[in-house]
Amino acid sequence: MEDKQNSQNQMSSLVPILILGITTIILFQFLDFSQRTPSESKLTTPQKETNITRIDFSFQNQNLQIQEYIIENDRNVFVLSSKGGRVERVYLKSSESVNIPKVIIEQSQDPLEKQYNALEITRRKGMDFQLHLYKNQLGNPILNEAIFNTEVQNVDEKITQILFSKDIAFKDYKFTLYKIYRFLKEENFFHQIVILQNQTDRDFVLNGDLFYKPISALGPNPEDVESGRELAMFGRFYHYNGSLNTLFGFSPDTGFFGCFSPPPGKFEVHTQNPDTLRYVGVNSRYFISYAQFLETNEKLHLPDGVIIENYPPLDGSSTFSVVFSDFSLGKKEPEELRILKAFREGIIDKAGGYVELVRSDQKRKDVLIIDQIVYTGLRSDEEHRFFSQELARREFGLENVENSVRDVIYTSGFLALFSKLRDGIVLMMRFINKYVNNYGVTIIILALFFKLVTYPLNQVQAKTMKKIHELKPELDRINERYQDPAERQKKIMDLYKKHKINPAMGCLPILIQIPIFIALYSAFAESIELWKSPFIWWMKDLSQPDTVYVIKDLIIMKNFHVNILPLLMVGSQIIQQKMTMVSSDPQQKFLLYFMPILMLFFFWGLPSGVTLYWTVQNIISIIWQLIVEKFSKSA
């Protein structure tokens with residue numbers, strides 16, 4: 001019984017530690033160090049090239065002109081090129097749910113950004129969807145130089161499709177490479193199919209692995225960003241052998257912020273579990289893109305693993321390629337592929353849709369058909385969904401999007417638990433900002449709103465703290481008289497019991513508000529709404545720390561950023577704790593200064609929008625406490 005009473009009394013001193021612990025968990029979940037090297041993976045070194053001239057796919061470009069095609073749907077603009085048969089650029093349109101900062105588009109030198117009120121988000125690296133035979137071509141497969149023949153069709157008002165084709169060769173074998181893109185009017189997803197068909201009348205055995213590079217990286221350009229936190233969000237991820245693996249903030253010089261040593265070798269290969277690679281993707285702070293390989297009954301068409309470059313350049317040119325192990329094809333079959341016939345004739349299987357058309361051709365042995373659904377857009381559940389489930393079912397054989405990607409959308413599975421609350425806060429931010437047109441003011445209004453919402457809880461806390469404050473003289477006498485901690489705690493609990501005080505009730509409001517704080521943190525830290533959004537005076541960008549000066553070339557660090565708001569936050573935190581602290585216990589006096597200093601460390605590099613909210617909450621609590629004390633004295 002005595003232990004129980006002691007633990008209750010210690011709750012008030014443990015709550016700050018609990019908050020700090022949760023903050024630490026958020027940060028580590030955010031950085032997600034734990035999944036850097038999966039246990040089942042093997043490390044390999046790059047293949048030695050004994051010949052300067054690589055043996056790879058060969059092709060002819062004579063008399064072919066490079067052509068570009070602009071395809072627009074409701075949410076994106078795609079620029080495709082016959083050179084490489086690839087997507088050159090992807091633009092994300094600004095809309096009510098995708099708030100591209102106006103200042104970025106106004107300052108852009110790209111005419112398409114202004115024409116479509118959209119932001120180019122692939123750093124002009126685009127998407128290759130390209131086959132290659134050597135690991136060293138992760139950044140730029142040789143087939144990116146091939147000029148493809150092109151056919152374009154508008155199937156109906158909802159689908160635009162384009163077909164690139166190219167005759168290629170390897171040694172004495174001939175192939176045709178087809179690349180089909182199908183863009184759906186209402187969706188952030190598009191359908192991409194790569195077909196390699198053997199045109200030789202004998203079986204083809206590569207005696208090695210075939211590689212396939214789908215996508216590159218997302219913006220903004222890292223060279224335009226100074227914040228280490230921003231750079232930490234440039235990452236890669238893949239779902240392999242039943243688990244999601246993420247690689248955030250990799251630096252070739254220091255590993256993950258110096259916390260880990262760089263992995264050995266130039267490449268990392270994961271092929272121990274064939275046919276288990278579900279998708280590969282890249283992400284930045286606000287955007288995400290991934291290619292998901294659609295199901296098939298023929299294992300020939302499923303990738304066997306992934307190869308990752310351990311030291312990729314920050315421009316995102318080389319992310320990773322998927323691997324088809326021990327690749328082979330059967331001899332050419334005489335019948336035309338149903339996919340190509342349907343493309344040219346515009347006839348789709350009405351019963352099973354396009355997905356059944358693909359699976360029918362995948363039964364053939366003379367072709368490799370890589371069938372994938374590609375998402376490129378905002379990191380949010382609001383955008384990462386099918387707007388027409390019926391169309392998605394007929395096109396992709398899916399009714400719902402890949403749910404596990406949410407762990408990347410919300411940085412981690414931990415933060416994804418609070419996604420609904422986080423998304424609700426973002427919607428509130430948009431609504432309020434329509435009227436105030438300043439996200440700094442919006443954050444202040446949200447701080448006031450959540451204080452009102454938690455008013456009943458704060459009342460319980462205030463009344464409990466008031467009763468404890470009235471007992472301060474007696475608490476001081478107990479602390480002076482009893483030196484043994486156990487006996488002192490027992491006397492304090494007896495005093496609380498006598499006056500019908502439950503000290504845990506003073507901590508309850510804080511515990512209940514922790515999920516709200518986590519959701520607010522996620523919303524303010526990763527919401528595109530705050531990107532390039534100014535508040536007042538020196539606060540020019542609520543998505544970044546409010547740096548007013550940079551001290552360069554210090555002994556312990558290259559640059560030290562002087563931020564004002566974290567100092568104001570810590571000052572208000574100390575004042576608030578002084579006003580509510582009634583015990584003379586040395587441990588609690590230590591926490592009065594120790595906790596704010598630790599919080600200063602964690603908040604120093606956080607976006608100023610997060611720190612602004614916390615500071616406003618502290619100021620409101622101080623004003624609240626002053627009002628309570630004034631009315632209690634007058635009463």
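Colleague: Quick one to begin with: what is the relative accessible area of Glu72?

Modeller: Glu72 has a relative accessible area of 45%, which makes Glu72 partly exposed; with a 1.4 Å probe and protein chains only, buried means under 20%, exposed means over 50%, and partly exposed is what falls in between. Please keep in mind that this is a predicted model, in which local features need pLDDT of at least 70 and side-chain atom pairs count only at pLDDT 80 or more, while totals for chains, interfaces and linings use all residues. Residues are numbered from 1 along each chain as its sequence is written, and side-chain values use heavy atoms, with hydrogens and water left out.

Colleague: Where does Glu72 sit, and what does Glu72 touch?

Modeller: Glu72 is in strand E2, residues 68-72; strands (E, at least two residues) and helices (H or I, at least four) are DSSP runs numbered from the N terminus. Leaving aside residues up to four places away in sequence, Glu72 touches Val77, Lys93 and Tyr116, where contact means heavy atoms within 4.5 Å.

Colleague: Switching topic: which residues touch the most other members in the largest nonpolar core?

Modeller: Those are Phe129, Leu131 and Phe287, out of 62 residues in the largest nonpolar core, a nonpolar core being a set of buried Ala, Val, Leu, Ile, Met, Phe, Trp, Tyr and Cys residues joined through side-chain atoms within 4.5 Å. Strand E9 (residues 173-184) gives the most to this core, namely 5 residues. Apart from this core lies another one of 58 residues, including Tyr279, Ile288, Trp614 and Ile620.

Colleague: Which residues of helix H8 are buried?

Modeller: In H8, residues 389-396, the buried ones are Leu391, Ala392, Glu395 and Phe396. Viewed down the H8 axis they fall within an arc of 100°, so they line one face of the helix; the arc is that of the directions from the helix axis to the C-beta atoms. What covers them includes strand E8 (159-170), E9, strand E10 (189-198), helix H7 (353-361) and strand E21 (367-378).

Colleague: You mention H7, so at what angle do the axes of H7 and H8 cross?

Modeller: They cross at roughly 10° and come within 4 Å, with axes taken as lines fitted to C-alpha atoms, for helices over the stretch in contact, and angles running from 0 to 180 degrees between N-to-C directions. That makes H7 roughly parallel to H8; under 35 degrees counts as roughly parallel, over 145 as roughly antiparallel, 65 to 115 as roughly perpendicular, and the rest as oblique. Gly353, Tyr354 and Val355 of H7 meet Arg393, Arg394, Glu395 and Phe396 of H8.

Colleague: What about H6 and H7, how far apart are their axes?

Modeller: The axes of H6 (residues 338-345) and H7 are 8 Å apart, and the two helices pack at an angle of about 140°, and H6 and H7 are therefore oblique to each other. Arg338, Ile339 and Ala342 of H6 make the contact with Tyr354, Leu357, Val358, Ser360 and Asp361 of H7. By class, this contact has 5 nonpolar, 1 polar and 2 charged residues, with Ala, Val, Leu, Ile, Met, Phe, Trp, Tyr, Cys and Pro counted as nonpolar, Asp, Glu, Lys and Arg as charged, and the others, Gly among them, as polar.
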